[in-house]
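Morning, everyone. Let's take a quick look at today's model.

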There are 2 protein chains.
Amino acid sequence: MNPMKIAYKVWLHQDGKAFGDGPYELLRRVEKTKSLHRAASQMGMSYSKAWRLIRTVEQRLGFVLLERKVGGHFGGGSRVTPEGKELMKRYGLFQKEVKSSLQRIYRTYFGSKNK
Amino acid sequence: MNPMKIAYKVWLHQDGKAFGDGPYELLRRVEKTKSLHRAASQMGMSYSKAWRLIRTVEQRLGFVLLERKVGGHFGGGSRVTPEGKELMKRYGLFQKEVKSSLQRIYRTYFGSKNK
């Protein structure tokens, strides 16, 4: 039998699921590739799905995450807005602290010394 | 627009979803009502679904949660085993600490003073 472990999903909620690991990963890839098309492709997601996801997140958060440039390869590039970058910075730190805290709490109550 | 908040699901994983808020709530109601039938009914769950849930959890955790008594009203009563009670005690504390820690981490990165 495999050892027991903690599993979790954590997200920001605002009039629905507003932001979480998926959109964060997508934005990180947009930052690297400068393209929502390439970012979506790397995640095995269609461009239209990625575009709808970003739109939904923008509507729920109330600010724009991506500046879109028309034309060029792949229908132009995309860049993360300053507000998007600020969100990513905070979310990255939040995500890291969530992970370490949940692991610590799990060990406290279900670690091997308690078995 | 409603204020943003944190949302989450946390569970114990062992060869699949092993234990979480649903089974914990079900066991709490069995403790109170002494009956899996009544506990399931209170949660709007069929008896057969509750029974399968408990069986799955028992198999994944590797120990028995409920002692079943045959006969009587509602096919006899159910009682939580000592191992089940120990799990409930730990899970209750775990659940409480998870909640307070996640709220604290959320406020650190997304609290109103940061907006």
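Start with helix 1 of chain A. Its buried residues pack against strand 2 (17-19), helix 2 (36-42), helix 3 (47-61), strand 3 (66-68), strand 4 (78-80) and helix 4 (82-110) of chain A. Contact here means heavy atoms within 4.5 Å. Buried means under 20% relative accessible area, with a 1.4 Å probe and protein chains only. Those residues are A:Pro23, A:Tyr24, A:Leu26, A:Leu27, A:Val30 and A:Thr33. After the helix comes A:Lys34, with a positive phi near 60 degrees.

Some ground rules. This is a predicted model: local features need pLDDT of at least 70, side-chain atom pairs count only at pLDDT 80 or more, and totals for chains, interfaces and linings use all residues. Residues are numbered from 1 along each chain as its sequence is written, chains are lettered from A and ligands numbered from 1 in the order written, and side-chain values use heavy atoms, without hydrogens and water. Helices (H or I, at least four residues) and strands (E, at least two) are DSSP runs, numbered from the N terminus.

Now the two chains. Strand 1 (residues 5-13) of chain A runs antiparallel to strand 1 (residues 5-13) of chain B, joined by nine bridges. Strands pair if DSSP finds at least two bridges between them. A:Trp11 has B:Ala7 as its bridge partner.

Next, charges. The rule finds two salt bridges across the interface. A salt bridge puts a side-chain nitrogen of Lys or Arg within 4 Å of a carboxyl oxygen of Asp or Glu. A:Glu97 forms one with B:Arg104, closest N and O atoms 3.4 Å apart. On the chain B side, helix 4 gives the largest share, 14 residues.

How values were computed
Buried means under 20% relative accessible area, exposed over 50%, partly exposed in between (1.4 Å probe, protein chains only).
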